[in-house]
Amino acid sequence: MDFALNQEQQMYQKAVRDFCEGEIKPYAAEVDRTGELRWDAIRKMPSLGLTGLQVPEEYGGAGLDTLSAAIAVEELGRVCGSTALSISAHNGLGCGPIIKWGTEQQKQHYLTKLTSGEYLGALALTEPNAGSDLNNARTLAVRDGQTWVINGAKAWITNPKYAPVITVFLRTSTEKTSRSFSMILVEPNTQGVTLHAPEKKMGLKGSPTQMINFDDVHVPAENLLGPEGNGMYQTLETLDGGRISIGALSVGLAQGAFEEAVRYAKQREAFGQQIANFQAIQWMIADAALEIDASRLMVYRAAWLKDQGKPFSKEAAMAKLMASEVAEKVCFNAIQIHGSYGYSAEFPVERMYRDQRLMSIGEGTSQIQRLVIARRVLQDMA
Ligand SMILES: Cc1cc2nc3c(=O)[nH]c(=O)nc-3n(C[C@H](O)[C@H](O)[C@H](O)COP(=O)(O)OP(=O)(O)OC[C@H]3O[C@@H](n4cnc5c(N)ncnc54)[C@H](O)[C@@H]3O)c2cc1C
């Protein structure tokens, strides 16, 4: 068993960290305040492969392994939750299904745009009345000759305003079976598509989350992504990979808050000494060090399993569940260590605490992760 990153992965981690320190971290508070991502930084991302982490090189991507992709998302999360979420969703949800199920023409057309640093990708699964329970999705595509006619609505979608194409999960049959769903590629400027204004959120304010309406939207028949009727299977597979990324993002957020807390504990004085000398503070620091380490190892293991072509669904759910709940606790305690200053927007831990809150909701809530884990355990031990 080898716990070390290989030399290439270590070099990549350092390069991404340096980029994040120079191009993202100094602007994270501004991204949060203005609600706009820093496109000057995103346009530079292709040189590090950040806009095409696992996209094959022939379409402009970096063709990296899952572990390297997780490391990159962790580094982004360490400095800016908004940027990290948009880049994670872009790679895993936006590019992922097209890499896996796109035709050569779809890949040439869309992946080359998506890796250019001028766009971000999006996947629309959730609906106003269906999040965890995607079987309840109602958006419907009806085949009319050489076109699909789409009607319905999607909610809480990351990145649509920057997307050249949105992968939409929808019904291609009204029958109540898991084979009634498909994925169809829809360009947001198609007539009948309405992108609503970004939601006003608690955190991750720079990452746009939008509702989308589809009113008699006509798209060519060849925009079907993968085989008709495979949408539910494609979604579950995509979310398994996405959970590794959200786990990595959670580790990054926790790591960022932890570093801020340690720095503050060493400089703040109370009762004539550094607060870092108090055992109550040391225990929060020790717990954070321990739990971040455990979460990171779980994320790396899930990524490694995926790279080995082994089953990783349970391990990805475990990693996401663990890391997101650790991020909550670490960011909570980072504010505690800062006292009142932690409650002030002047200190980054306030933003990090708000940003991390999504991690136990998006790409499957903690309750749904427990369902996935329990199902696997019960199956394995039957
Ligand atoms: C910032 C942000 C970005 C997002 N980005 C995207 C995106 O890019 N694409 C996309 O498609 N979606 C996106 N989402 C949506 C997100 O994935 C869903 O909100 C999430 O899956 C939960 O669905 P829901 O909100 O409908 O909650 P619900 O499914 O209504 O759940 C409500 C509560 O009930 C619990 N619950 C539901 N079913 C069960 C069960 N069987 N057992 C136990 N408890 C249960 C849940 O855990 C939760 O606590 C995003 C959301 C946010 C906030």
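Tutor: Two strands are said to pair if DSSP finds at least two bridges between them. Strands (E, at least two residues) and helices (H or I, at least four) are themselves DSSP runs, numbered from the N terminus. The model is predicted, so local features are reported only at pLDDT of at least 70 and side-chain atom pairs only at pLDDT 80 or more, while totals for chains, interfaces and linings use all residues. Residue numbers start from 1 along each chain as its sequence is written.

Let us begin with the hairpin of β2 and β3. Strand β2 covers residues 140–144 and runs antiparallel to β3, to which 5 bridges join it. Within this pairing, Asp144 faces Thr147 of β3. There are 2 residues between the strands, and Gly145 adopts a positive phi near 65 degrees in this hairpin.

A residue is near a molecule if its C-beta atom, placed from the backbone, lies within 6 Å of it. Of the 24 residues around the ligand, those that come nearest are Leu125, Gly131, Ser132, Thr365 and Gln367.

In composition, the shell has 12 nonpolar, 9 polar and 3 charged residues. Here Ala, Val, Leu, Ile, Met, Phe, Trp, Tyr, Cys and Pro count as nonpolar, Asp, Glu, Lys and Arg as charged, and the others, Gly among them, as polar. Domain 2 (122–231) and domain 3 (232–380) each contribute at least three residues to the shell, the domain bounds being taken from an automatic or database domain assignment.
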